[in-house]
Amino acid sequence: MEVFILEIVLGSKRITLEDLINVTRRGYKVKISDEAYEKIDKARALVDKYVDEARVSYGITTGFGKFAEVSISKEQTGELQRNIVMSHACSVGNPMPIDIARGVVFLRAVNLAKGHSGARRIVVEKLVELLNKDVTPWIPEKGSVGSSGDLSPLAHMSLVLIGLGKAYYKGELLEGKDALERAGIEPIPALSSKEGLALTNGTQALTSTGAHVLYDAINLSKHLDIAASLTMEGLHGIVDAYDPRISEVRGHLGQINTAKNMRNILAGSQNVTKQGVERVQDSYVLRCIPQIHGASKDTLEYVKQKVEIELNAVTDNPLIFVETDEVISGGNFHGQPMALPFDFLGIALAEMANVSERRIEKMVNPAINHGLPAFLVEKGGLNSGFMIVQYSAAALVSENKVLAHPASVDSIPTSANQEDHVSMGSIAAKKSKDILENVRKVIGMELITACQAIDLKGAKDKLSPATKVAYDEVRKVIPYVAEDRPMYIDIHAAEEIVRNNKLVEDVEKAIGQLEF
């Protein structure tokens, strides 16, 4: 029987967001191509030439940052590179999730394999070996200002390569040397000139964080359309607003795709209505779903374009250009090109929760829920029903509004003002991750609230094929609320339904791929 090995080859193709996720979450192996090896070797030869000739070159024969004017002898270049890894490992806080930390390792290998960094092939090989043998550096989340790159997180990654720091082996946290030993990996005996800097100077930590958030946000946008469709079922929403002609005359692709999703998900429903049947028009959180959801989708598409550029970027300093025998100092480590998109990502996510929470409020509020009982419960007063579900959603969206404040508008100079403008891109990426977690919870709350509304309307037998699939998926684990019970159990279960992506998978099996 033929065995297929799923792998990503460095140097032979452009890396996509899907490639990143395949490596970090799905266990794809990584391989270095002959083309990449050739570029790595040529760049390394030029670094060795600079050292042998004692040419002045930042980070190769000089110190770092403010110490750029301090010359380093040939004999000290190896010690210099080890010192940068040890001294720069200053991060604090909770560790990065394993998938994001694996992304840091993978993207650093992608960067070095381009042949503009000057590290020896053994350095790239060891990064690849970590990935393929399930060793993941322990990297605390906080400590980068996004320029000069993610120095501190990347230093934590690099410690493991020389047998220091901490790492996970098959999910177990160990001392770095013990993790390597268990995996059968030999540490790099000694870093050579340029290598410590080549490992630590770049945007891979913030990019991995933001890229994983982006991937999950794309799936969340589909969950949002499904949740909104269930709400439409429960409120007998008017579908005329999703007529393709409305979206086409405006022209935004996200709006066009969202309207298409809503039409497809609701096709066959006997609950939804036409304008003028039960009412003339719906309020904005139903009528403007294509415009609101679609704007977030357009933002995600923009961020995806920027992320896929950065996945393939060379972001360290200085850079090696073999063709002209030059080593040039520049600023590709600066995180600003990703800081702004990741701030935008956080805003788009926050808006997804904002509209979802408003639909929850519409369903529980007897003044605007089109005849449903107050707070979606029988014997109201004795029972509070979904009253505090909306409180919890309101708390999360309010927190998101604070988190959505852009990090990139801030800058605190570092390295004695040599690095006098920094991006805070790492903070923008981490904030988007925190917002994502809140959005997932709010959408879960809308799912259970909509299913309750559907039951109270007696509408479950009139659902469309797609919303029936979604309703059934929720009801497998979360029953109808006939009287008060601890609602956090339902909320946490609903969040897990969103997290495991089964809802989207089942709906797409029923009606085909949802648009993004």
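Helix α11 (residues 253-266) and helix α13 (residues 289-311) pack with their axes 7 Å apart, at an angle of about 125°. Helices here are DSSP runs of H or I with at least four residues, strands are runs of E with at least two, and both are numbered from the N terminus. Axes are lines fitted to C-alpha atoms, for helices over the stretch in contact, and the angles run from 0 to 180 degrees between N-to-C directions. This is a predicted model, in which local features need pLDDT of at least 70, side-chain atom pairs count only at pLDDT 80 or more, and totals for chains, interfaces and linings use all residues. Residues are numbered from 1 along each chain as its sequence is written, and side-chain values use heavy atoms, with hydrogens and water left out.

So how do α11 and α13 lie to each other? They are oblique, given that angles under 35 degrees count as roughly parallel, over 145 as roughly antiparallel, 65 to 115 as roughly perpendicular and the rest as oblique. The crossing of α11 and α13 is right-handed; that label applies if the near helix is turned clockwise from the far one by less than a right angle, and left-handed if anticlockwise. Where heavy atoms come within 4.5 Å, residues count as in contact. On the α11 side, L253, G254, Q255, T258, A259, N261 and M262 take part, and they meet I289, P290, Q291, H293, G294, K297 and D298 in α13. Sorted by class, that makes five nonpolar, seven polar and two charged residues, with Ala, Val, Leu, Ile, Met, Phe, Trp, Tyr, Cys and Pro counted as nonpolar, Asp, Glu, Lys and Arg as charged, and the others, Gly among them, as polar.

Next up is helix α15 (residues 387-403), whose axis comes within 10 Å of that of helix α16 (residues 425-456), crossing at roughly 160°. α15 and α16 are therefore roughly antiparallel to each other, and their crossing is left-handed. This contact has nine nonpolar, four polar and four charged residues.

S147 and S148 are joined by a cis peptide bond with omega of about 5°, and S148 sits in the loop between β5 (140-142) and α6 (151-161). Another cis bond runs from N317 to P318, with omega near -5°; P318 belongs to the loop between α13 and β8 (319-321). D134 is not a glycine, yet has a positive phi of about 65°.
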